[in-house]
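Trainee: I would like to learn how to read a sheet and its charged side chains from a model. Please take me through an example.

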Amino acid sequence: MRKGHFQRVIKEKLKDYQLLVVSNREPYIHNWKEDQIECIRPASGLTIALDPMMRACGGVWVAHGSGTADRETVDNNQKVRVPPEDPRYELKRVWLSKEEEEGFYYGFANEALWPLCHIAYTRPVFKASDWEYYKKVNHLFAEKVLEETGSERPLVFIQDYHLALLPRIIKEKNPDALTVQFWHIPWPNPEAFRICPWKKELLEGLLGNDLLGFHIRYHCNNFIDTVDRELEARPDRERSAIVYKDKITYIRHFPISIDFDAIAESAAKKEVEEEVKRLKIKYRLLGDVIGVGVDRLDYTKGIPEKFRAIDLFLDQNPEYKKRFVYIQLGAPSREHIPSYKQINDEIDEWVEKVNWRHRTEYWSPILFLREHIPFLSMLAFYKMSHFCIVSSLQDGMNLVAKEYIAAKTDSNGVLILSRFTGASRELNEALLINPYAADEFAQTIKEAIEMPPEEGTRRMKKLREIVRERNIYRWADQILTKAIQIS
Ligand code: GDG
């Protein structure tokens, strides 16, 4: 579905509704830079996916105001029109105290729910005080959403695991609201979920939704099985729904995606070509085999596993020394959580170790950039590389895989993709790996590098067809169409 078509279709479909998107992370952050205010778009799959939809539909996006200049840029109703260069919708900011942010965001959402939902062998930390803040902040968001509802029927589109209690609170205050939630991370099996001390409250909160979406069917099934085990609810597997206290919640999968055309168009620009040249000189990227990876620095992304495989690959294929460079872009994330400090240290150790073991006077195999890279430079890195590695231990979808494909306008380049990403269900022409299996992983790196060009092009063309077709507009259209259908 093309953007223009989507805009026309969705405007028509939503004409009787008021669209409200709610997420923790805001799509635009205003920060002070010396005495100037600058506006940035954060590195989050979620906001990158939803902004194009809001630009098309208009409405209000309610989110936590986290920028240093956010308060200076809102009006009396705590709202600012965005995107700044071409305002299309309103961003309403919710203010959190330091304690609230600590308990709600760093605490319950990211030390409890994030590791609980990802099987990456990092144990969740459950603290009663974090849970209290989680409840409090969910109520605060609900209050801000309800303030915005007007005479039209609200369609409240809630994002992610930070706001599991929100749908029930909204539904209780305004039963007429159509509540839809998309859970951007995996849903674990009932056995894994049962360790959560507040599991019943979380499930009850989520069952306040009319429609609850996951990336893949497997996560839907896990959710239904979990509810079946924990609540006196009636799962209706035929209709993929749950009836709880006389209310029905439909559970469906909607694989999220990217704005393929926009990325392909940007990647084809002359500026990106110039950026490729500039970056190659800046980082002395002289090798003829370049690999790339783009990850938030998170323990679910399998970054140490990647370096271990590269180490092995160089041991087994020394002829690639001096010819091979792997560029790892790593945007810092959730840095003051202890498990994130640990993964950062572990990544540093790996970079140091692999570079030390293999380097020569003028060459090192890994270039690690721990920073948030501008979008254009990220595209340049995608463009210049012969292969991309996504090695997540578990990932709801993984948008980097899809972005890499979109940026490869010349259909050259090989994607190495973890089987444990939602994306691997759609992207069959990628080289699929188990990131825990180091030997197989190292062998796949060799396979990617030595793949005959015609084979690489054939695969990349197929991948491009899939992602072009199943883009972000199709995702948004499908989820909102389903919501309206069931309302
Ligand atoms: C969650 C789920 C799901 C990263 N570094 C930079 C940068 N990024 C951008 C990437 C990509 C996004 O951030 C990351 O998206 P992912 O999907 O890979 O991962 P999560 O952040 O974990 O997202 C995930 C997603 O939600 C959507 O539902 O796919 O499974 O975990 O777009 O390009 N962008 C720029 N500089 C960076 O340094 N400009």
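Mentor: We will go through the sheet and then the salt bridges of this predicted model.

Trainee: In what order do the strands of the open sheet run?

Mentor: The order is β5-β6-β4-β1-β7-β8-β9-β12-β11-β10, a mixed sheet of 10 strands. β5 (79-82) and β10 (234-236) are the edges; each has a single partner strand, so one side of each lacks a neighbour in the sheet. Ignoring direction, adjacent strands are turned by 20° against each other on average.

Trainee: In which sense do β7 and β8 pair?

Mentor: Strands β7 (residues 153-159) and β8 (residues 178-182) are parallel, with 5 bridges. In this pair, F157 stands opposite V180 in β8.

Trainee: How many salt bridges does the structure hold?

Mentor: A salt bridge requires a side-chain nitrogen of Lys or Arg within 4 Å of a carboxyl oxygen of Asp or Glu. The structure has 43. One of them joins E132 to K135, with the closest N and O atoms 3.4 Å apart. These two are 3 residues apart in helix α5 (residues 128-148), so about one helical turn separates them.

Trainee: Which parts of the chain does the pair K171 and D210 link?

Mentor: The closest N and O atoms of K171 and D210 are 2.6 Å apart. The pair links distant parts: K171 is in helix α6 (residues 166-173), and D210 is in the loop between α8 (199-206) and β9 (211-214), 39 residues apart. Both residues are buried.

Notes:
Residues are numbered from 1 along each chain as its sequence is written. This is a predicted model: local features need pLDDT of at least 70, side-chain atom pairs count only at pLDDT 80 or more; totals for chains, interfaces and linings use all residues. Side-chain values use heavy atoms; hydrogens and water are left out. Two strands pair if DSSP finds at least two bridges between them. Helices (H or I, at least four residues) and strands (E, at least two) are DSSP runs, numbered from the N terminus. Axes are lines fitted to C-alpha atoms, for helices over the stretch in contact, and angles run from 0 to 180 degrees between N-to-C directions. Buried means under 20% relative accessible area, exposed over 50%, partly exposed in between (1.4 Å probe, protein chains only).
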